[in-house]
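Biologist: Please take a close look at the helix packing in this model, and follow the helices into the pockets they line. Plain numbers with their cut-offs will do.

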Amino acid sequence: MVQPVRVSVGEDDVLLRRGVVRVLTDGGLDVVAESGSAPELLAKTLAYKPDVAVVDIGLPPHRGDDGLQVAVELRRRLPSIGVVVLTQHDEPAYAMELIGDRADGVGYLLKERVGDVTDFCADIVRVAHGGSALDPTVVAKMMRPNTIPEQLALLTERERAVLAAMAEGQSNAGIARSLLISTAAVEKHVTSIFRRLQIPEDPAGHRRVQAVLRYITANQG
């Protein structure tokens with residue numbers, strides 16, 4: 001029997017925290033710890049070592065970016081953990097600080113995303129398994145208008161669109177729906193992206209994450 005994904009939740013608003021916990025448990029995930037402040041979240045997550053931590057960016061005591069700093073610290077101290085930061089700020093700089101030099105096991109989502117129960121739970125599971133999930137509005141802000149980064153110039157316009165959707169964490173089926181193309185066409189584009197960006201085979205299956213990191217760093221350069 002497959003064990004459910006184990007989750008730690010950090011949110012100081014009690015009602016919102018209960019809502020997030022309810023969404024996750026209804027989605028089949030196992031919430032093993034709840035916290036209302038950054039220090040409590042750090043301590044409980046280090047103790048329970050869940051598969052993924054869901055973190056409000058503005059946790060007490062300072063309510064600035066305390067949650068983000070805890071998320072970064074968790075990624076440093078528990079490299080295998082997934083971390084999803086929930087925020088009201090569609091700010092690429094915060095996302096880049098969280099991602100650092102590796103995009104595996106990381107999510108940066110606007111709080112309104114919690115309302116899309118199925119997609120939200122899918123995002124959490126994907127991050128827990130080493131994938132990535134970036135809010136579409138954040139990805140859009142990373143793009144420099146009318147500019148194609150040199151690192152992505154080898155890609156076709158369609159391939160760049162597919163890669164942008166990959167950065168959002170969309171599956172091949174999701175990309176096919178959003179771009180109105182077949183799943184087979186998406187698979188062909190993804191293979192071409194790997195080849196053009198010279199992303200080698202990865203036994204751990206993280207080629208998509210490597211491609212996403214290339215996309216993000218290229219658009220921030």
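Modeller: A crossing is called left-handed when the near helix is turned anticlockwise from the far one by less than a right angle, and right-handed when it is turned clockwise. By that rule, α2 passes α3 in a right-handed crossing. The model is predicted: local features need pLDDT of at least 70 and side-chain atom pairs pLDDT 80 or more, whereas totals for chains, interfaces and linings use all residues. Residues are numbered from 1 along each chain as its sequence is written, and side-chain values use heavy atoms, without hydrogens or water. Element names follow DSSP runs numbered from the N terminus (helices H or I, at least four residues; strands E, at least two).

Helix α2 covers residues 38-48 and helix α3 residues 66-77. Their packing angle is about 20 degrees and their axes lie 9 Å apart, with axes fitted to C-alpha atoms over the stretch in contact and angles running from 0 to 180 degrees between N-to-C directions. The two helices are therefore roughly parallel to each other (under 35 degrees; over 145 is roughly antiparallel, 65 to 115 roughly perpendicular, the rest oblique). On the α2 side, A38, L41, L42, T45 and L46 make the contact, and they meet D66, V70, E73, L74 and R77 of α3; contact means heavy atoms within 4.5 Å. This contact of α2 with α3 has 6 nonpolar, 1 polar and 3 charged residues (Ala, Val, Leu, Ile, Met, Phe, Trp, Tyr, Cys and Pro are nonpolar, Asp, Glu, Lys and Arg charged, the others, Gly among them, polar).

The loop between β3 (52-56) and α3 contains P61, which is joined to P60 by a cis peptide bond with omega of about 15 degrees. R63 is found in the loop between β3 and α3 as well, and its phi is near 60 degrees, a positive value in a residue other than glycine. As background, most peptide bonds are trans, and most residues other than glycine have a negative phi.

Helix α1 (residues 14-26) packs on α5 at an angle of about 80 degrees, and their axes are 9 Å apart. That makes α1 roughly perpendicular to α5. From α1, the residues in this contact are V20, V23 and L24; from α5, they are V117, F120, C121 and I124. By class, the contact of α1 with α5 has 7 nonpolar residues, no polar and no charged ones.

Helix α5 (117-128) also takes part in the largest pocket, where it and α8 (172-179) each supply at least two residues of the lining. The share from α5 is 4 residues, the largest in that lining. A pocket here is an open set of points on a 1 Å grid over the protein atoms alone, where a 1.4 Å probe fits, with protein on both sides within 12 Å along at least five of seven lines; lining residues have an atom within 4 Å of a point. The volume of the largest pocket is about 250 Å³, the space filled by probe spheres on points joined across faces, edges and corners. Of its 13 lining residues, R113, D119, D123, G169 and Q170 lie nearest the centre. The lining divides into 2 nonpolar, 4 polar and 7 charged residues.

L179 belongs to helix α8. Beyond its neighbours within four places in sequence, L179 is in contact with R158, A161 and V162. A161 is 18 residues from L179 in sequence, and their C-alpha atoms are 8.1 Å apart.

Helix α9 (residues 183-196) meets α10 at an angle of about 65 degrees, with the axes 11 Å apart. That makes α9 roughly perpendicular to α10, and α9 passes α10 in a left-handed crossing. V190, I193 and F194 of α9 touch R207, R208 and A211 of α10. The classes in this contact are 4 nonpolar, no polar and 2 charged residues.

Helix α10 (residues 207-220) gives the most to the lining of the second largest pocket, with 3 residues. That pocket has a volume of about 190 Å³. It has 14 lining residues, and R126, G131, S132, R208 and V209 are the closest to its centre. Its lining has 3 nonpolar, 9 polar and 2 charged residues.
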